[in-house]
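Please look over the sequence and the structure below before reading on.

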Amino acid sequence: MTESDAVIDLRETHFISPDHARLARAVRASIRSQVVDLLDRHGLLNRKDVQRCPSCGDKVIVLEQPGTYVYDPANDRKICSACGAERDLLVILDPVVDIGGEGGG
């Protein structure tokens with residue numbers, strides 16, 4: 001099992017500041033740690049059916065454990081929870097779409 005830094009394709013967003021990137025890495029590390037702990041507690045780390053995340057390559061997805069993955073609708077696939085949390089945080093911090101507010105006219 002490997003530990004990855006931020007792996008989400010940052011080109012999907014407009015701009016990621018160094019502070020946002022550090023925060024994303026911290027969120028990723030925290031969620032990954034929780035998932036690994038969950039798998040370890042349940043004796044699932046070394047099972048043959050543990051799947052690799054197609055986004056980061058970590059071998060942490062167990063389909064019987066919904067907390068280990070999320071659905072990535074942009075690519076129609078399951079990704080690990082760490083990648084999902086990182087992606088969600090980056091979208092919140094720097095939304096790609098205009099969510100409204102004061103507009104110019």
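A salt bridge is a side-chain nitrogen of Lys or Arg within 4 Å of a carboxyl oxygen of Asp or Glu. The structure shown is a predicted model.

## Salt bridges

Side chains of opposite charge can pair when their charged atoms come close. By the rule above, the count comes to nine salt bridges.

One of them joins the side chains of Arg87 and Asp88, at 3.1 Å from N to O. Arg87 counts as buried because its relative accessibility is 18%, under the 20% limit. Asp88 has a relative accessible area of 38% and so is partly exposed. Another salt bridge is formed by the side chains of Arg77 and Asp72, with 3.3 Å from N to O. Here Asp72 is buried, at 5% relative accessibility, and Arg77 is partly exposed, at 29%. Asp72, Arg77, Arg87 and Asp88 are linked in a network of salt bridges.

With a relative accessible area of 30%, Arg47 is partly exposed.

## Helix H1

Helix H1 has 24 residues. From its first C-alpha to its last, H1 reaches 34 Å, close to the 34 Å expected at 1.5 Å a residue. Just after H1, Gly43 takes a positive phi of about 65 degrees.

Which residues of H1 are buried? They are Ala21, Ala24, Arg28, Arg32, Val35, Leu38 and Leu39. The cover over the buried residues of H1 includes E2, E4 and H2.

## Nonpolar cores

The largest nonpolar core has 14 residues. Within this core, Leu39, Cys53, Cys80 and Cys83 touch the most other members. Two or more residues come from each of helix H1 (18-41), strand E2 (59-61), strand E4 (77-80) and helix H2 (81-93).

How values were computed: Residues numbered from 1 in each chain as written. Predicted model: local features only at pLDDT ≥ 70, side-chain atom pairs only at ≥ 80, totals over all residues. Heavy atoms only, no water. Core = buried A, V, L, I, M, F, W, Y, C linked by side-chain atoms within 4.5 Å. Buried < 20%, exposed > 50% of the residue type's maximum accessible area, 1.4 Å probe, protein only. Helix = DSSP H or I, 4+ residues; strand = E, 2+ residues; numbered from the N terminus. Expected span 1.5 Å × (residues − 1). Contact = heavy atoms within 4.5 Å.
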